[in-house]
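Take a look at the fold before reading on.

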Amino acid sequence: MRDTTANRLAPSDFRTLMQGLKYCVLLHDARTYDILWANRAACELLGWTIDELRPLKAPDMSKNALQYSRELGHRWLGHAVEHGMSATEWCYRSKSGEEILTEAIAIRVALPTRAVVLVQFRDIAEEKAVRRDLFRTESRLRAFLSGLAEGIVVLDDANRVVFASESAARLLGGGIHGADFTGYCCGGPVPDREGRYRFAAPGGEPRWYAATCQYIEIESDLQGRMLLFYDITDRVRTEEEHRRDTQRLNHLARNNAMGDMAMAIAHEVSQPLAAAYNFVEGARGRLGSGDQAVAWGLDNAARQIERARRILASLRGYVGRLEQSEQLTDLNAIVRDCAYFIELRAQEHAVAVEFDLTAEPLPVRCENVLIGQVVMNLAFNAVDEMAGRPQEERTVRVTTRRGTEGTAVLAVRDRGNGPPREDSLFDGVFTSKENGSGIGLALSHRIITRHGGRIDVEANQPRGAVFRFALPLAPAGP
């Protein structure tokens with residue numbers, strides 16, 4: 001049989017082990033509660049030696065407060081003697097008078113010679129202070145969160161709400177915690193990036209919210225996508241009202257454009273109609289002169305009336321497009337639609353108009369009528385500029401090109417007096433016409449810039465001016 005005597009610890013070894021503990025230990029008599037012994041950690045914490053501790057009683061080494069009276073101390077130790085163990089918070093007072101809050105556990109131990117109470121205790125003052133700070137911080141954080149206008153929710157991988165702040169409950173209803181957030185998203189997906197979204201409690205009225213999204217992981221307690229959102233319904237409504245106001249202003253601008261064009265067309269139509277009338281009257285006067293003369297008059301009348309019909313058809317087509325919204329179109333097509341009206345103005349002043357358009361389409365996204373109004377305004381200004389020049393110089397050139405940085409460029413060149421030096425050219429103040437209002441270039445500038453483009457003017461070579469605007473090319477694809 002194996003001898004294990006060498007593996008046994010001597011009684012002195014146990015005393016050495018007790019002295020090495022960082023936990024404080026006091027040994028009380030189970031009958032009188034007198035202190036019998038203390039380990040080194042207890043002596044260092046309390047500042048007493050073992051010989052100084054032995055005669056001390058509860059009032060000598062406990063805080064002077066009712067909850068640390070001698071009677072309560074005996075009751076605590078007595079409970080351990082009777083039931084085997086008892087735990088409490090006890091505030092010891094050291095030799096220097098320092099009060100030390102501890103967590104203490106009393107255990108009844110039956111030794112061969114007598115029964116004792118083994119008290120183990122440790123300083124928890126710092127721990128209690130940390131707990132108080134944490135509680136204070138938590139209380140403040142809870143107060144801050146409850147007062148936030150922004151709602152906060154955390155969603156798991158299945159879009160279920162695993163956390164909801166009080167503000168989120170106020171915004172979306174108290175039943176949001178644990179709910180499927182998909183049911184709160186109106187007409188759109190669950191947010192996974194920053195943006196604007198519509199949320200509402202089931203059966204509630206949708207409202208607009210600005211939301212941000214990020215992934216959080218707080219140890220194993222809380223993880224998922226955190227949404228922070230706040231109500232922007234009033235802002236969105238204001239933007240909608242502003243958009244409607246802009247649309248109304250655009251509508252008025254279109255009506256003004258239609259009125260100006262109708263006046264111009266009415267002026268032009270009056271001439272062929274008057275000529276047709278004269279031809280018809282002449283034909284009537286020559287009825288007796290022979291069939292050839294009558295036929296000649298009636299043919300010319302028919303031609304002029306047909307010309308008037310084409311003018312009216314173009315006017316109807318132009319007006320019919322006034323209510324169209326922004327769409328994908330070819331800048332060359334807009335110029336071709338405007339060419340007829342430009343040539344009418346040019347013929348009135350005996351000005352030649354040259355159109356040099358790209359063979360390839362120049363796709364742009366715009367409101368056709370407004371951009372067409374800009375094209376005609378620039379061309380009309382050039383024609384009017386050339387009206388007073390010598391006949392051999394009366395030429396206006398309209399070109400389109402694919403510009404740099406992905407733009408479609410239209411330029412109108414004349415051989416007039418060159419670009420004006422006024423800084424107010426595009427602000428509605430400048431005009432060189434005797435009866436001009438000065439708002440044509442200002443409206444053109446506003447229309448082009450609203451479409452994300454730019455408009456400018458420079459000198460033509462060898463003389464004259466070049467008015468040019470550029471619009472962003474629309475991306476290729478369907």
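Predicted model: local features only at pLDDT ≥ 70, side-chain atom pairs only at ≥ 80, totals over all residues.

## The chain as a whole

The chain holds 12 helices and 17 strands, where helices (H or I, at least four residues) and strands (E, at least two) are DSSP runs numbered from the N terminus. Of its 478 residues, 35% are buried; buried means under 20% relative accessible area, exposed over 50%, and partly exposed in between (1.4 Å probe, protein chains only). Among contacts (heavy atoms within 4.5 Å) between residues at least 6 apart in sequence, 53% join residues at least 24 apart.

Residues are numbered from 1 along each chain as its sequence is written, and side-chain values use heavy atoms, leaving out hydrogens and water.

## The antiparallel sheet

An open sheet of five strands runs in the order S7-S6-S10-S9-S8, with antiparallel pairing; two strands pair if DSSP finds at least two bridges between them. Strand S7 (161-164) and strand S8 (195-199) are the edges, and each has a single partner strand, so one side of each is left without a neighbour in the sheet. From one strand to the next the twist averages 35°, using axes that are lines fitted to C-alpha atoms (for helices over the stretch in contact) and angles from 0 to 180 degrees between N-to-C directions.

S8 is joined to strand S9 (residues 207-218) by five bridges, and the two run antiparallel. Opposite Gly-195 you will find Ala-211 in S9.

## Aromatic pairs

How many aromatic pairs does a search of the whole structure find? There are 10, counting rings of Phe, Tyr and Trp (its six-membered ring) with centres within 6.5 Å; planes under 30 degrees apart are stacked, over 60 edge-to-face, and the rest tilted. Tyr-92 and Phe-121 make a tilted pair, 4.6 Å centre to centre with 35° between the planes. This pair links distant parts of the chain, with Tyr-92 in strand S3 (residues 85-93) and Phe-121 in strand S5 (residues 115-123), 29 residues apart. Both Tyr-92 and Phe-121 are buried.

Phe-181 and Phe-199 form an edge-to-face pair, at 5.3 Å centre to centre and 75° between the planes. Phe-181 is in the loop between helix H7 (166-172) and S8, while Phe-199 is in strand S8, so the pair ties together parts 18 residues apart in sequence. Phe-181 and Phe-199 are both buried. They also belong to a cluster in which ring pairs link Phe-181, Tyr-184, Tyr-197, Phe-199, Tyr-209 and Phe-229.

## A residue of strand S5

Strand S5 also contains Ala-115, which is partly exposed at 25% relative accessible area. Its C-alpha atom is separated by 9.1 Å from that of His-28, 87 residues away along the chain. Neighbours within four places in sequence aside, Ala-115 is in contact with Asp-29, Ala-30, Arg-108, Val-109 and Ala-110.

## The mixed sheet

Another open sheet of five strands has the order S12-S14-S15-S17-S16, and its pairing is mixed. Its edge strands, S12 (352-356) and S16 (454-459), each pair on one side only. Neighbouring strands here are turned by 15° against each other on average, direction ignored. Helix H10 (residues 331-348) packs on the sheet, touching S12, strand S14 (395-403), S15 and S17, and its direction makes about 170° with that of S12.

Strand S15 (residues 407-413) and strand S17 (residues 465-472) run antiparallel and are joined by seven bridges. Val-412 has Phe-467 as its bridge partner in S17, and Ala-408 has Leu-471. S17 is mostly covered, with seven of its eight residues buried.

Which residues of helix H12 (residues 440-450) are buried? They are Leu-441, Ala-442, Ser-444, Ile-447 and Ile-448, and their cover includes helix H11 (368-386), S16 and S17. After H12 comes Gly-452, with a positive phi near 80°.

S16 and S17 pair in the antiparallel sense over six bridges, with Arg-454 bridging to Ala-470 in S17. The two strands form a hairpin with five residues between them, and Gly-464 in the turn has a positive phi of about 105°.
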